[in-house]
Amino acid sequence: MEKLNVIGKNAKIHGEIGHFNSIGERTIIEEKTLIRNCCNIGNCVHIIDAELGDNNKIENDVQIGTNVIIKHGCYIGAGVHIGNYVTIGNNATIETDIPDGCTIGNNVTIKAGVLLGENVTIHDNCVLRGNTIIGKNNEFLPGCIIGFWPKDIGDHHYEGVLQIGDDNFFGENTIINVGEKTAKGDVTKIGNGVYSMDTVTINHNDRIAAGDEIPDSPREFTTIISSGVSLAGHVEVGKGANLGMQTVAHQFSKIGAGAMIGMNANITKNVPPFAKVIGSKVVGYNKRPLAENLGFGTYEDEYLELVGYMLETACKAENAEDAVEKLQKYKGRGQWYDKALEVIVNFFESDQNGRKLMKFEK
């Protein structure tokens with residue numbers, strides 16, 4: 001049977017080529033490489049001792065290392081560099097273009113259905129699982145486990161979704177799970193500008209920096225999750241929050257935008273925006289997001305202490321509805337304060353996965 005392969009100029013083919021393939025110019029395919037059927041390989045691609053399944057499309061200037069397996073129906077965008085001993089599952093997509101290609105390290109497994117955006121770096125020994133959508137400019141240090149099912153008693157193997165936005169950093173041995181199906185959806189969502197350090201666990205249906213609690217901020221937010229933080233399922237962390245080392249958050253708890261959580265904190269209820277927490281108590285307010293993200297323009301207490309009074313009033317309320325009512329007395333104190341008040345009131349008027357907010361004791 002005629003193979004009907006199309007091979008461009010100056011291509012070097014030492015491996016085994018199946019049927020109905022298209023191979024671009026100046027592409028090098030080294031010995032022991034196996035390319036099956038109906039693959040479309042661009043220009044200046046270098047493949048060394050790899051196996052490609054059926055119906056793959058590989059764009060220009062891709063480099064593929066040794067002992068790589070790319071299964072069926074994958075799309076590898078231009079400028080991607082793939083290391084050694086990498087496995088890419090069926091229908092995985094790496095949507096990149098030159099010069100913003102992705103880098104995939106050694107011993108990485110990308111399972112079926114993963115979608116990577118531009119300029120993503122996956123370091124050695126990471127595993128990414130299906131139903132995971134990752135935006136641009138993300139970096140995953142070695143040992144990250146991304147997109148596996150929630151951990152629960154029994155063998156449920158939930159097949160929810162994980163969505164990760166842009167410009168995030170994830171330290172070594174980070175674990176992020178997909179969502180489980182609930183009345184509010186099945187998504188674990190991480191927004192933009194999250195800096196997550198090593199050995200962090202982000203569980204199913206968590207939402208990290210995924211809202212717009214402080215609109216029109218004059219500077220970009222960075223949401224910080226320090227080493228050893230563990231977030232149970234259905235936890236929300238607002239933009240600009242800072243979680244100290246070894247913080248543990250109970251399921252269904254909610255940490256407001258710009259909150260500061262001290263190390264070894266035990267979060268069992270909800271933390272209002274801008275609050276500072278030591279242990280499990282609100283002890284004050286976080287000056288940085290007020291000065292930088294609300295436009296106060298100063299760190300001086302005399303300009304910020306009214307926000308502290310707002311938080312103290314809210315935390316002493318009997319419930320969320322009572323907090324909203326008591327906070328009304330702070331209206332009309334000035335543009336900056338009204339904006340801070342709006343953020344705090346919106347927090348207490350929101351819910352957590354359909355549940356009313358619990359009181360956070362001071």
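Which residues have the most contacts inside the largest nonpolar core? In this predicted model, local features need pLDDT of at least 70 and side-chain atom pairs count only at pLDDT 80 or more, while totals for chains, interfaces and linings use all residues. Residues are numbered from 1 along each chain as its sequence is written, and side-chain values use heavy atoms, without hydrogens and water.

The residues in question are I82, I88, F140 and F274, and the core that holds them has 94 residues. A nonpolar core is a set of buried Ala, Val, Leu, Ile, Met, Phe, Trp, Tyr and Cys residues joined through side-chain atoms within 4.5 Å; buried means under 20% relative accessible area, with a 1.4 Å probe and protein chains only. Elements that each supply at least two residues of this core include strand 9 (50-52), strand 25 (161-164), helix 2 (301-316) and helix 3 (320-327). Helix 4 gives the most, with eight residues.

Not counting residues up to four places away in sequence, I82 touches Q63, I64, G65, V68, I70, I76, I88 and I104. Contact here means heavy atoms within 4.5 Å.

The chain as a whole has four helices and 43 strands, which are DSSP runs (helices H or I, at least four residues; strands E, at least two) numbered from the N terminus. The C-alpha trace spans about 85 × 45 × 30 Å along its principal axes. Of the 362 residues in the chain, 48% are buried. Among contacts between residues at least 6 apart in sequence, 31% join residues at least 24 apart.

Methods: Buried < 20%, exposed > 50% of the residue type's maximum accessible area, 1.4 Å probe, protein only.
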